[in-house]
Amino acid sequence: MLKEFRDFVARGNVLDLAVGVIMGAAFGRIVTTLVEGVIMPPIGLLLGRTDFSGLFFVLDSTKGIPMSLAEAKTQGIPVIAYGQFINDIVSFLIVALAVFMLVKQVNRLKTSFERPVAAAVPTTKDCPFCATAIPIKASRCPHCTSPL
């Protein structure tokens, strides 16, 4: 059983998947930093100094209306944190664009390395009288004995 597990792990697909997961996690952190630190602040500035990660909607105002999302969490006030959702959507779109560009380039490289396959030269033809396949060099059909 240990040998089967070792063979399973040593397959190329499993190792490729592990590398992909590790690279994806690292790339996710880069995209999160890009969105939260570089992209969203200028957008927030254009929209009136809005910090998207702190936008929320209070569901129950009986405990008071908090001034920040952190305050709402510490007081246990139920809120809908739609600002973080906007940040996550922008992060997803950036990741989707990066993956699309990567796949597009890989497909372009694949097609540049593939050589077109030459069409096989036909070795038979159809008899015009009985429609059976006969060798190209035949001068008479062996099935219906018609001259070609």
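Asparagine 87 is buried, with a relative accessible area of 3% (buried means under 20% relative accessible area, exposed over 50% and partly exposed in between, with a 1.4 Å probe and protein chains only). This asparagine sits in helix H4, residues 82–113 (helices are DSSP runs of H or I with at least four residues, strands are E runs of at least two, and both are numbered from the N terminus). Leaving out residues up to four places away in sequence, asparagine 87 touches Val35, Glu36, Met40, Phe52 and Ser53, where contact means heavy atoms within 4.5 Å.

All of this comes from a predicted model, in which local features need pLDDT of at least 70 and side-chain atom pairs count only at pLDDT 80 or more, while totals for chains, interfaces and linings use all residues. Residues are numbered from 1 along each chain as its sequence is written, and side-chain values use heavy atoms, with hydrogens and water left out.

On to the chain as a whole. The protein chain has 4 helices and 4 strands, which run α-α-β-α-β-α-β-β along the sequence. Its radius of gyration is 33 Å, whereas a compact globule of 148 residues would come in near 15 Å (the radius is taken over C-alpha atoms, and the globule rule is 2.2 Å times the number of residues to the power 0.38). Along the principal axes, the C-alpha atoms fill a box of roughly 100 × 50 × 30 Å. Of the contacts between residues at least 6 apart in sequence, 29% join residues at least 24 apart.

The largest nonpolar core is made up of 5 residues: Phe56, Val58, Leu69, Ala72 and Ile77. Such a core is a set of buried Ala, Val, Leu, Ile, Met, Phe, Trp, Tyr and Cys residues joined through side-chain atoms within 4.5 Å. Neighbours within four places aside, phenylalanine 56 is in contact with Pro66, Met67, Ser68, Leu69, Val79, Ile80, Ala81 and Tyr82.

Further along, the loop between strand E3 (124–126) and strand E4 (133–135) holds alanine 131. Although not a glycine, alanine 131 has a positive phi of about 65°, and at 55% relative accessibility this residue counts as exposed. Proline 128 is in the loop between E3 and E4 too, and is exposed at 62%. Between proline 128 and glycine 20 there are 58 Å from C-alpha to C-alpha, with the two 108 residues apart in sequence.

The segment after E4 includes threonine 145, another non-glycine residue with a positive phi, near 60°. Threonine 145 counts as partly exposed, at 48% relative accessibility. Serine 146 lies in the segment after E4 as well, but this serine is buried, with a relative accessible area of 15%. Beyond its neighbours within four places in sequence, serine 146 is in contact with Phe129, Ser139, Arg140 and Cys141.
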